[in-house]
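Let's take a friendly walk through a protein model together. Have the sequence and the 3D view ready as you read.

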Amino acid sequence: MYVSQTVATSISHEVSEIYWWSNAITYQIYIRSFADENGDGIGDIRGIISRLGYLKELGVDAIWITPWYPSPQHDNGYDVSDFMDIDPEYGSLEVAQELIDKVHQNGLRIIIDIVPNHSSNEHRWFQDALASDPGSHERNRYLFRDGKGEHGEEPPNNWQSVFGGPAWTRVVEKNGELGQWYCHIFAPQQPDFNWENSEVRDHFIQVLRFWLDRNVDGFRVDVAHGLVKAEGLPDAPFQEHFGLLDSRDFPYWDQDGVHEIYREWRKLLDSYPGQRMAVSEAWVNPPSRSALYVRPDELANTFNFDFLTVKWGQESIKSSIDRSIEGMAAVGAPVTWVLNNHDVVRAVNRLEMDFMAADSPKDPELVIETDFFDFQRAKIRARSAALLMLALPGAVFLYQGEELGLPEVLDIPVDRLQDPIWKMSGNKERGRDGCRVPLPWKVSVDGAFGFSANSEITPDQSWLPQPLDWGNFSAEGQENSADSMLQLYRNAIGVRKRNPSLLSSHFRWMGSPDDSFVFTRSEDSSFLCVVTFEVGEPVPPDYAVLLSSQEIEFRQIPPHTTVWLERNGSACL
Ligand code: BGC
């Protein structure tokens, strides 16, 4: 029996200090798609307030809200025109304050997205820059450059936008002639700031203060690895760019200069009471490179994209766990675990297809072809992955709908696609809308399956159309079903919270047969997590099953299953 075998690997990873973010479960709210209270088919802040009870019952510790600032919504709020206000589509500063206060009254925390790499092209600063001359103070807040070629007709370098096409757009100067170019690593409506300019740095300190004063607990730092560009903006060594996940050595990613910014931010965060934090979205590789963002004087957490993009399999997952834990151990920061977010294909689909290629599907025809998709197999793996993730040491980030087992919506009609990737890729990539479809709350179709408080809104009228069977995944539909995905998440989060060893940083591999792995989270091995892949395993004789991602009959763990075990008589709970 594997439990009695010698320990194969042991990782002792002590986080330097325990903060709330060391082992918190944070629930990502994609505001546009979470809950619509004012009945316009678009999610809003009052919608979030109306669902706080649900989040409490789910058992999460914190929520993260995607950008809620005024925005022309070219990239669903990641194009911000004012960092210190709220988009009227979502509410107002007063409603935001009401939410922050209610979150706290419910014993939860709230972090908000901050987008420091770029603004909207409608931001006052960018409008001022367009109206000013080359070399002006106004232009120096962004990355304006003269073009190459005799008349400046070629972009200043070969950088490509993450969404497709060149990362430079040429502007018309005051004299009506084509003039300088500005840099946008994302859409042309998202001009990049010049972080060499102290005015930009000071502005963001002011923005952080603005929200810290309103009592947010922290920030999710968008494109944290992109703020500083290599000196002289040299050509990139690669011509194409493979989207957000492409973490190769580009002159605009992961430059050492970014760390100085986060050191300053950390000082600011620490000057506020109540453990304020920031988590970085930095698509960098390997985890030892991500670890630099969470050195003791920098940010608190960084998303673990190594785990998110790992292939489903014994060896690959095990080594990703090792890399992740070792990477963070080097800097004494908590590890994080992520399976989903608003930029990647939902895990249900990724895991089923045997690949974890998380990027948006490349071929628009292929993704409409759903015949090959085995939903049963997908569910089995997604349940196993969820239970595995919730047993690992550190912090967990859930993405709305993950707890409902929502699949990617693969057949949104092309005339309804909203993601800028669709247009910017020349209609070659459908983009990320498939994981952003509004949540189904109720079985009945009214109000787009309860997404909208306006019962007249049909599934087709929500800002992204919902599939007609969406009600099957609804929270209401799963509420009373003991073996639903929702109950699995609720039960696992509950057990995790009541079991001190699951909140500790203790982690040790146990010996196991080739096609499974086993780890313990307690010194005395009283708690075990077993994960099987192609081949099942028996439950060891002296252990009882606490939770399992699949039904266990005759003490036999089926393939592709995660099981939490406690030693008989040890009363882990
Ligand atoms: C966000 C994306 C967004 C991009 C540009 C990201 O990494 O998560 O949704 O499109 O930044 O702001």
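The notes below visit a sheet, a helix and a set of paired strands in this predicted model.

## A three-stranded sheet

Start with an open sheet of 3 strands, arranged in the order β5-β7-β6 with antiparallel pairing. Its edges are β5 (144-145) and β6 (168-172), each of which pairs on one side only.

Look next at β6 and β7 (residues 178-183), which are joined in the antiparallel sense by 4 bridges.

## A helix inside the structure

Now move along to α16, a helix of 14 residues (485-498). From first C-alpha to last it reaches 20 Å, close to the 20 Å expected at 1.5 Å a residue.

Is this helix buried or exposed? In α16, 11 of the 14 residues are buried, so the helix is largely enclosed by the rest of the structure. Among the buried residues are Met485, Leu488, Tyr489 and Ile493.

## A covered strand and its partners

Strand β14 (residues 516-520) has 5 of its 5 residues buried. In a regular strand, side chains alternate between the two faces of the sheet. In β14, Ser516, Val518 and Thr520 lie on one side, Phe517 and Phe519 lie on the other, and both faces are covered.

β14 runs antiparallel to β13 (residues 506-510), with 3 bridges joining them, and tryptophan 509 stands opposite phenylalanine 519. These two strands make a hairpin with 5 residues between them.

β14 also runs antiparallel to β15 (residues 527-532), joined by 5 bridges. Here phenylalanine 517 has valine 531 as its bridge partner. This hairpin has 6 residues between its strands, and serine 525 takes a positive phi near 55°.

Technical notes: Residues are numbered from 1 along each chain as its sequence is written. This is a predicted model: local features need pLDDT of at least 70, side-chain atom pairs count only at pLDDT 80 or more; totals for chains, interfaces and linings use all residues. Side-chain values use heavy atoms; hydrogens and water are left out. Two strands pair if DSSP finds at least two bridges between them. The expected span of a helix is 1.5 Å times one less than its number of residues. Buried means under 20% relative accessible area, exposed over 50%, partly exposed in between (1.4 Å probe, protein chains only).
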